[in-house]
Amino acid sequence: MNRQNKLLALYQKITQWPCGHWLFSKAVCYKAPYFGSISPKFTRLENSRCDATFKDRRSIHNHLGTVHAIAQCNLAELCAGVMTDASIPSDMRWIPKGMTVAYLKRAKGTMHGTATPMIPIISSATGYDLPVNVDVLDDAGEKVFHAEIRMWISPKPGKPA
């Protein structure tokens, strides 16, 4: 990549400010409002990695009093999407294509999600599938959820004449 990715540059700049991680998280949820339902906080963003958390609270519980499966899916898709956006070359775009998940154990407490690509991210004249690994851990560091999200990476369309 010749130039630094705009989203990654924004993250690096804004997180130097007081409350910068909170502000970046709010900006992402403003752009994609549905993710606000879990009130995420981004804790790390770099090329090929994104970490985010959300706190355990009643509004994301299921009928058993544990963190709802879909809240975990939201965290996985959020981490995967932001990681992809911050990592792809500026001439490429992405869209989620599919998601396979595994609920490994009861989820309680703050959830910690980490997304990383499973293959190198490249610029390409044609589109390709990018599998993204996402693990969600509880406060004890135990994996409670795993997802593989397939992103479709393709060239941005040319500008009309």
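Predicted model: local features only at pLDDT ≥ 70, side-chain atom pairs only at ≥ 80, totals over all residues.
**View 1. The largest pocket has about 440 Å³ of space.** Helices α1, α2 and α3 and strand β3 (92–103) each supply at least two residues of the lining. The most come from α3, which gives 5 residues. By kind, the lining residues divide into 12 nonpolar, 1 polar and 3 charged.

**View 2. Helix α1 (residues 6–14) has buried residues on one face.** Look here for L7, L8, Y11 and I14, which are buried. Seen down the axis of α1, its buried residues fall within an arc of 140 degrees, so they line one face of the helix. Covering the buried residues of α1 are elements including α2 (20–31), β1 (41–46) and α3. Turn to the other side of α1 and you will find K6 and K13, both exposed.

**View 3. N5 caps the N-terminal end of α1.** In this cap, a side-chain oxygen of N5 lies 2.9 Å from the backbone nitrogen of L7.

**View 4. T66 is a buried residue in a loop.** The loop that holds T66 runs between β2 (49–54) and α3 (69–87). T66 has 6% relative accessibility and therefore counts as buried, since buried means under 20%. Which residues is T66 in contact with, leaving aside its neighbours within four places in sequence? They are I60, H61, R106, A107 and K108.

Key. Residues numbered from 1 in each chain as written. Heavy atoms only, no water. Helix = DSSP H or I, 4+ residues; strand = E, 2+ residues; numbered from the N terminus. Buried < 20%, exposed > 50% of the residue type's maximum accessible area, 1.4 Å probe, protein only. Contact = heavy atoms within 4.5 Å. Arc of directions from axis to C-beta. Polar contact = N/O pair within 3.5 Å; in protein donor to acceptor, adjacent residues only side chain to side chain. 1 Å grid on protein atoms, 1.4 Å probe; cavity = no way out; pocket = protein on both sides within 12 Å on 5 of 7 lines; lining within 4 Å. Points joined across faces, edges and corners; volume = space filled by probe spheres on them. Nonpolar A, V, L, I, M, F, W, Y, C, P; charged D, E, K, R; others polar.
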